[in-house]
Amino acid sequence: MKSITTVIIGAGQCGLAMSRHLRDRSIDHVLLERGSIANSWSTERWDSLRLLTPNWQSRLPGWCYGGDDPDGYMTMPEVVRYLAGYADDIGAPVEEATEVVGVRRDEAGYVVATSRGSWHCRTLVLASGACSRPVVPRIAEELPRSLHTTTPSRYRSPACLPSGRVLVVGASASGMQVAREIQASGRQVILAVGGHVRLPRSYRGRDIMWWLDAIGAMDERYDQLDDLDRARGLPSMQLIGTPERVTVDLNALRRSGVEIVGRLVGVRDGQAQFSGALPNICALADLKMNRLLDRIDAWVTSMGIGGDIGPPCRYEPTDVGPRPRLHAELGPSGIRSVIWATGYAPNLSWLDLPVFDRKGRLIHDGGVVAPGLYVIGQPFMRRRKSTLIDGAADDAADLAAHLHSHIAQAAA
């Protein structure tokens, strides 16, 4: 068994950011990666996907975008090269092709069993990501077995789907992008819409992420919220990264031919059943978007920069049509494929420790799970931006400081 001070499980942006901060504190460590660096970016994303955040916002400790398109959005191969370049620059001690199969506690720290032997460490960082396991609702079990079903992590392109109508369940970032792409390929798409976060791609001449960064929204902290559970459960923003920087909302999808329906609530007699609450769901998303735009406008006024940017505006309300359908046939003459864009969860099945709640969720306080045990990259872990590449640096700095203090106290 090998011994080291800290083991980091995962070599994506969060694991690499932790590595940089631990290196700066002279804490010996290793990163265990089940595949290669940035593995999930290269193996669990569809072909046409781009980052939702502009290139300038892919900031890591001591590392930033240096290309000629700071306002563009990286493709997945570009993300992989970006992170691999960062790992090389900081000399990250990554053990690739090393799958973690078990973690247990002992009197001196943690024992990490892998496909290539075991490690003993005093401190352990879980950086395996928040999106390693697609969440598929139980209703999927009620679908006819003849249907082709998949998730965005396994979907690659429209060519991988059988001919016929496609039902995309979920209208956050993944569902919106997949629905748009499949509709453009010539297939008819039905998009089942639940709660969502509507945002324009740009506002007053700036990317919406520029505004969220400028007004401090992405730096809002977990310990300043009244309802942290709700904030951590919010769906991802309805954004898409394209060279044209287009806004893709439900109105745009309807204009392209995508049929918008309510949340999928059941399957009966060979038909999918949809909620009738779609107008209310969309009205609430519109209201919250406009509140954010009001906040941006107020910030512009307070900073006295209104003359340097575009004028304020408001966007047309979401139009769901006069009578959204409440059911659709499943099978050869109806929907033939279903894509479950219903969210993700971390996969920590190998973590043999009493650190989960009754719903199987990891319990932590801003990333601190237990003495010497940390997690990074989870939704609103310490800040609203915690799951973004841009969120890794600040969260890793905080956790590295806590980890260093833990080691010092144990040695005293």
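Let's start with the second largest pocket, which has a volume of about 190 Å³. Keep in mind, please, that we're looking at a predicted model. Which residues lie nearest the centre of this pocket? They are A140, E141, L143, T149 and W340, out of 13 residues that line the second largest pocket.

Now, on to the aromatic rings. A pair of aromatic rings is described by the distance of the centres and the angle of the planes. In this model the count comes to six aromatic pairs. One of them joins Y203 and W211: the centres are 6.4 Å apart, the planes make an angle of 65°, and the pair is edge-to-face. And are these two residues buried or exposed? Both Y203 and W211 are buried.

W211 has another partner, W299. Here the ring centres are 6.3 Å apart and the planes stand at 85°, so this pair is edge-to-face as well. Have a look at where the two sit: W211 belongs to helix α5, residues 208-214, while W299 belongs to helix α8, residues 278-303, so the pair ties together parts that are 88 residues apart in sequence. Why does W211 count as buried? Because its relative accessibility is 0%, and buried means under 20%.

Last topic: charges over rings. The charged end of R45 sits over the ring of W41, 4.8 Å from the ring's centre. Likewise, R105 has its charged end over the ring of Y110, at 4.6 Å from the centre.

Definitions and conventions
Residues are numbered from 1 along each chain as its sequence is written. This is a predicted model: local features need pLDDT of at least 70, side-chain atom pairs count only at pLDDT 80 or more; totals for chains, interfaces and linings use all residues. Side-chain values use heavy atoms; hydrogens and water are left out. On a 1 Å grid over the protein atoms alone, a cavity is a set of points where a 1.4 Å probe fits but cannot get out, and a pocket is an open set with protein on both sides within 12 Å along at least five of seven lines; lining residues have an atom within 4 Å of a point. Grid points are joined across faces, edges and corners, and a volume is the space filled by probe spheres set on the points. Rings of Phe, Tyr and Trp (its six-membered ring) pair if their centres lie within 6.5 Å; planes under 30 degrees apart count as stacked, over 60 as edge-to-face and the rest as tilted. Buried means under 20% relative accessible area, exposed over 50%, partly exposed in between (1.4 Å probe, protein chains only). Helices (H or I, at least four residues) and strands (E, at least two) are DSSP runs, numbered from the N terminus. A charge sits over a ring if NZ of Lys or CZ of Arg is within 6 Å of the ring centre and within 35 degrees of the ring normal.
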